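Please read this briefing alongside the sequence and the coordinates. The notes are grouped by topic and can be taken in order.

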Amino acid sequence: MQKVSKASLWLAALALAAAGIAVRAQQPNTDSIVEMEMLTHTEVTDKIHNKGFTSVLIVTGGTEERGPHNILAGHTIMARRHAAEMARRLGKTLVAPVLPMAVQATGLREGTDQPGGVQLPPEVFKAVVLGEIESQYFNGFKNIFVMGDHGGGQAEMKAAAEEQDKKYAAKGVHVHYISDFYNKTHEDVDQYFYDHNLPIGGHGAMLETSLMLYFESTPGSYVRPIYKTVPFDPGVSREQFLAQKEARKAREAAIAAGNPPPAGGRGQGGGRGRGQDPNAPPRVNNGLTGDPHPATKEIGKDLHEIIVMNGVTEIRKVLAQPSTAPQQ
């Protein structure tokens, strides 16, 4: 009989140990995963039916130009990161796959010659959102929350959520449009910029650039270094910000009093605000409105917190209502 050396036995033992480590490394801790598309169908089933996951977030992103420095996928990346953090804080919540298309992609609707944007007609976008909601109903979720990172499509998401809520409410399933994720966020972010003496508003400027700097794992992967010097179309001045804030207060007061609201206010379109100054210099038409030069990761972290908490706070208010409280 051939003798086996001690060295061979040690090598065999090490190989078996290494194999065991490799097998364990291939099985992630799914308890910490909230993105539905990163789970298997059996893992989603376990979360819904055994672990009490009753809520799902449907968050839409978008693909559009946002200046020469920010990548086209910005809305989708930001939507996914915000939604995942919201789901973790809410608990018992998953995030549906993020739709990378919305209504009115910047660039396509402005007659520029800069390719890259993708948009859906409003009626098609609404139909897709309706389909997403219906899918989550069939998946077994009891509370379905709809929101979007892009301005275009907000009205369609609201309408889709209201229609589906009427359809499924009698079956114990509720669908909610979360307005604060987008609308309140932009008001709060502009106030943050005003309070910190930073450039206010703008598409592809301080908000998106700071968030993308915060989210990128490798410098330059989401935001090219030229953000510090890129030319830009002027955004909202401090004076215009204050005027818009007063106009918004007047509009809210009129609505609360049952009177017709005065004209104006933030629209439902895509990119945010170029100042309407007739004496402004000719537009720098590169998909960028507002100054991104002072953007930093640290600012992005603050803005991420504002957005996440706006969404979480509104959802918690909805869940506190007797008709939508999770079943124990």
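**Briefing on the sheet and its helices**

Helix H4, made of residues 122-139, lies across strand S1 (55-60) as well as S3 and S4, and its direction makes an angle of about 160 degrees with S1. The model described here is a predicted one. In this chain there are nine helices and four strands, and read along the sequence they follow the pattern α-α-β-α-β-α-β-α-β-α-α-α-α.

**The chain as a whole**

- Of the 328 residues in the chain, 44% count as buried.
- Among contacts between residues at least 6 apart in sequence, 78% join residues that are at least 24 apart.

**The sheet**

- The four strands form an open sheet in the order S2-S1-S3-S4, and their pairing is parallel.
- Strand S2 (93-95) and S4 stand at the edges and have a single partner strand each, so one side of each is left without a neighbour in the sheet.
- On average, and with direction ignored, neighbouring strands of this sheet are turned by 20 degrees against each other.
- S1 and S3 pair in the parallel sense over six bridges, and within this pairing Ser55 stands opposite Asn143 in S3.
- Strand S3, residues 143-148, is joined to S4 by four bridges, and these two strands also run parallel.
- S3, helix H5 (residues 154-168) and S4 together make a right-handed β-α-β unit.

- His174 is placed in strand S4, which spans residues 174-177.
- Why does His174 count as buried? Its relative accessibility is 12%, which falls under the 20% limit for a buried residue.
- Leaving aside neighbours within four places in sequence, His174 is in contact with Lys142, Asn143, Ile144, Asp165, Ala169, Ser323 and Thr324.

**Packing of H6 against H9**

- Two packed helices are described by the angle between their axes and the distance between the axes.
- Helix H6 (residues 183-195) and helix H9 (residues 297-319) pack at an angle of about 145 degrees, and their axes are 10 Å apart.
- H6 passes H9 in a right-handed crossing.
- On the H6 side the contact is made by Lys184, Thr185, Asp188, Val189, Tyr192 and Phe193, while H9 contributes Ile299, Asp302, Leu303, Ile306, Ile307 and Asn310.
- Sorted by class, this contact of H6 with H9 has seven nonpolar, two polar and three charged residues.

**Two loop residues with positive phi**

- Lys92 lies in the loop between helix H3 (74-90) and S2, and its phi is near 55 degrees, a positive value in a residue other than glycine.
- With a relative accessible area of 44%, Lys92 is partly exposed, because this value lies between the 20% and 50% limits.
- Gln104 lies in the loop between S2 and H4, and its phi is near 60 degrees, again a positive value in a residue other than glycine.
- Gln104 counts as partly exposed at 32% relative accessibility.

Terms used:
Residues numbered from 1 in each chain as written. Predicted model: local features only at pLDDT ≥ 70, side-chain atom pairs only at ≥ 80, totals over all residues. Heavy atoms only, no water. Buried < 20%, exposed > 50% of the residue type's maximum accessible area, 1.4 Å probe, protein only. Contact = heavy atoms within 4.5 Å. Pairing = 2+ DSSP bridges. Axes fitted to C-alpha atoms, helices over the stretch in contact; angles between N-to-C directions. Left-handed = near helix turned anticlockwise from the far one by under 90°. Nonpolar A, V, L, I, M, F, W, Y, C, P; charged D, E, K, R; others polar. Right-handed = clockwise from strand over helix to strand, strands pointing away.
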